[in-house]
Amino acid sequence: MTKILFLGNLGVVEIVLIALIVLLLFGGRKIPELMKGIGRGIRSFKEGTRGDGEEPKQKE
């Protein structure tokens, strides 16, 4: 069985069980919104850690 990056020792059964619990808690309509929010957070984090050389502008 292959390991998925950060999931460690979780098997297929555990992943399916977690997915079902998330589906029950949030419902089918909220999951896409939740994933969009997570994606924006990750993108923002990557942009912040990339360090484009510019410091954020401070209010005077």
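In which helix does isoleucine 21 lie? Isoleucine 21 lies in helix H1.

This is a predicted model, in which local features need pLDDT of at least 70, side-chain atom pairs count only at pLDDT 80 or more, and totals for chains, interfaces and linings use all residues. Residues are numbered from 1 along each chain as its sequence is written, and side-chain values use heavy atoms, with hydrogens and water left out.

View 1. The chain has 1 helix and 0 strands (DSSP runs, H or I of at least four residues for helices, E of at least two for strands, numbered from the N terminus).

**View 2. Isoleucine 21.** Isoleucine 21 has a relative accessible area of 43% and is therefore partly exposed (buried is under 20%, exposed over 50%, partly exposed in between; 1.4 Å probe, protein chains only). Buried residues make up 2% of the 60 residues in the chain.
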